[in-house]
Amino acid sequence: MQEVLSGHDLLRDTGLRNLQAIYANLGTAPLLEQAIRRREGILAANGALVVKTGQFTGRSPRDKYIVREAATESSVDWGAVNQPIDPARFERIYARLLAYLEGQEVFAEDLYGGADPEYTLPVRVITQLAWHALFARQLLIRRHPRDPRPHEPE
């Protein structure tokens with residue numbers, strides 16, 4: 001039987017505190033409803049969610065940083081795309097994020113990256129917007145409801 005965790009239990013180890021609400025693993029239809037209710041987007045005639053992303057619509061490969069530490073030193077192809085960041089700087093940025101999110105609502109989705117079972121990586125995506133969580137659910141692999149294994153994000 002699958003263990004069911006509350007949103008607060010789900011995010012216990014993240015450092016997030018004093019959140020207004022945690023919407024955990026809502027599913028596609030409830031996320032769509034939340035996005036519309038919160039006026040993050042509108043429904044098109046064909047049922048697709050339409051959102052305005054603003055001026056930053058793509059991923060900038062030069063904005064990708066990985067903490068350079070013993071675990072990543074020899075396993076990352078360092079360069080212009082995989083740029084190193086030292087652990088202390090990451091911790092300062094993370095502390096600012098935690099402070100910013102206090103009192104906010106967040107969405108958490110437990111998903112998988114990679115379809116090959118040998119290399120599948122369990123991840124937890126945490127977003128401020130329902131449509132971002134919905135996008136992550138479409139981009140990554142959703143957990144099968146009958147999967148008995150606990151989801152332990154790496």
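Author: Let's start with a term: buried means under 20% relative accessible area, exposed means over 50%, and partly exposed is in between (1.4 Å probe, protein chains only). This is a predicted model, where local features need pLDDT of at least 70, side-chain atom pairs count only at pLDDT 80 or more, and totals for chains, interfaces and linings use all residues. Residues are numbered from 1 along each chain as its sequence is written, and side-chain values use heavy atoms, with hydrogens and water left out.

Reader: Okay, is Arg68 buried, exposed or partly exposed?

Author: Arg68 has a relative accessible area of 33%, so it is partly exposed. Its side chain meets that of Glu73 in a salt bridge, 3.1 Å from N to O. Glu73 is partly exposed too, at 40% relative accessibility.

Reader: What is a salt bridge?

Author: Side chains of opposite charge can pair when their charged atoms come close. Here, that is a side-chain nitrogen of Lys or Arg within 4 Å of a carboxyl oxygen of Asp or Glu.

Reader: How many salt bridges does the structure hold?

Author: Five. One of them joins Glu109 and Arg137, at 3.2 Å from N to O. Glu109 lies in strand S6 (residues 105-113) and Arg137 in helix H5 (residues 130-139), so the pair ties together parts 28 residues apart in sequence. Helices (H or I, at least four residues) and strands (E, at least two) are DSSP runs, numbered from the N terminus.

Reader: Are Glu109 and Arg137 buried or exposed?

Author: Glu109 is buried, with a relative accessible area of 1%, and Arg137 counts as buried at 12%.
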